[in-house]
Amino acid sequence: MFSNWQYHLLKLASRIVCLLPYPAVLRLGSLLGRLYYRIAGRQRRRALAQIQECLKLSPPKAERIIRRLFINVGRMFMEVMYTPALNRETVKRYITIENRHYLADALAEGKGVVFLTAHIGNWEWLGAALAMDGFPMTSVIKRQPNEQYTRILNEYRRMVGIEIFARGTTELVGAAKALKQGKVLGFLADQDGGHDGVFAEFLGKMASTPKGAAVFAKRFGAPVVPAFIVRRPEGGHRIIIHAPLYYQDTGNEQADVAEFTIRLNRVIEETIRQYPDQWLWFQKRWNTKVENLRRPTSFMAGEAV
């Protein structure tokens with residue numbers, strides 16, 4: 001268990017970072033990422049192994065991409081610490097939003113929006129930018145192993161206008177109410193789905209995939225809007241919003257949820273392939289094996305089992 005001193009240390013670091021100009025924040029993040037690449041041997045080796053297997057890259061090319069990934073992770077950490085310095089003017093300077101109308105039009109349908117994203121780029125600033133742009137953002141989050149880091153993340157999420165729901169029965173009731181109220185409910189859908197996931201191909205390997213986005217889309221008739229944030233070469237970020245996707249109800253709930261989850265998986269996959277240095281390749285994405293899934297509650301590749 002981590003003690004409160006870590007929270008106060010992070011807050012102090014954040015206050016100092018907020019005094020810096022944004023280019024300096026990025027430079028410090030790059031240095032931090034390079035250091036992380038050198039000392040985080042386990043994550044580095046996992047990332048290299050997974051990207052080579054999935055994308056069929058040569059070792060030198062994989063190493064270049066993963067080194068850039070670690071630099072981006074360092075930049076993201078520093079940007080998260082810089083979050084209190086954000087306001088509507090600075091957000092517009094650092095982050096551009098492409099295809100904003102897709103999200104606005106989906107919200108106008110009046111059924112809320114299931115917002116699909118992944119651990120690509122600075123996903124924390126994705127929600128922040130959209131919330132500051134006037135969208136009613138809410139999110140289902142997974143607690144970090146470090147409770148004090150979770151505490152500061154949630155504090156900063158609320159600071160920029162994002163309503164937070166942790167995974168759990170009580171919190172998910174609140175998430176359902178958010179959709180009923182016509183809000184945007186965000187899902188990070190690229191993690192291992194565990195025993196209750198849809199078992200489907202992801203980047204060439206079978207993986208258990210969270211089906212929460214598909215289930216909420218079915219239950220509330222809400223459109224699913226995929227959106228991702230990627231770094232601009234000159235600094236700052238681009239938010240890329242995709243056209244809405246809609247759940248197709250054939251009457252076979254298990255097969256329909258599985259099939260829609262697979263469709264959503266493919267959107268995430270395509271983005272990772274396009275921006276391979278911006279996805280967390282050291283995630284334990286393929287942890288759950290098909291033989292370990294509980295068959296009564298699991299799905300495989302669109303087929304009810």
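Mentor: Let's start with a term: a residue is buried if its relative accessible area is under 20%, exposed if over 50%, and partly exposed in between (1.4 Å probe, protein chains only). This is a predicted model, where local features need pLDDT of at least 70 and side-chain atom pairs count only at pLDDT 80 or more, while totals for chains, interfaces and linings use all residues. Residues are numbered from 1 along each chain as its sequence is written, and side-chain values use heavy atoms, leaving out hydrogens and water.

Trainee: Thanks! So are Arg157 and Glu124 buried or exposed?

Mentor: Both Arg157 and Glu124 are buried. Their side chains also meet in a salt bridge, 2.5 Å from N to O. That term means a side-chain nitrogen of Lys or Arg within 4 Å of a carboxyl oxygen of Asp or Glu.

Trainee: And where do the two sit in the chain?

Mentor: Arg157 is in helix α8 (residues 147–159) and Glu124 in helix α7 (residues 123–132), 33 residues apart. Helices (H or I, at least four residues) and strands (E, at least two) are DSSP runs, numbered from the N terminus.

Trainee: How many salt bridges are there?

Mentor: The count comes to 10. One of them joins Arg231 and Glu79 at 2.7 Å, N to O. Arg231 lies in strand β8 (residues 224–231) and Glu79 in helix α4 (residues 59–81), so to speak distant parts of the chain, 152 residues apart. Arg231 and Glu79 are both buried.

Trainee: What about Glu98, which residue does it pair with?

Mentor: Glu98 forms a salt bridge with Arg238, with the closest N and O atoms 2.7 Å apart. Glu98 belongs to strand β1 (residues 95–98) and Arg238 to strand β9 (residues 237–241).

Trainee: Why does Glu98 count as partly exposed?

Mentor: Because its relative accessible area is 27%. Arg238 is partly exposed too, because its relative accessibility is 25%.

Trainee: Back to α8. What do its buried residues pack against?

Mentor: They pack against α1, α4, α7, β3 (137–141) and β4 (163–166), where contact means heavy atoms within 4.5 Å. The buried residues of α8 include Tyr149, Ile152, Leu153 and Tyr156.

Trainee: And what follows α8?

Mentor: Gly161 follows α8, and its phi is positive, near 105°.

Trainee: New topic: is Trp5 buried or exposed?

Mentor: Trp5 counts as exposed because its relative accessibility is 53%. Trp5 is found in helix α1 (residues 4–17).
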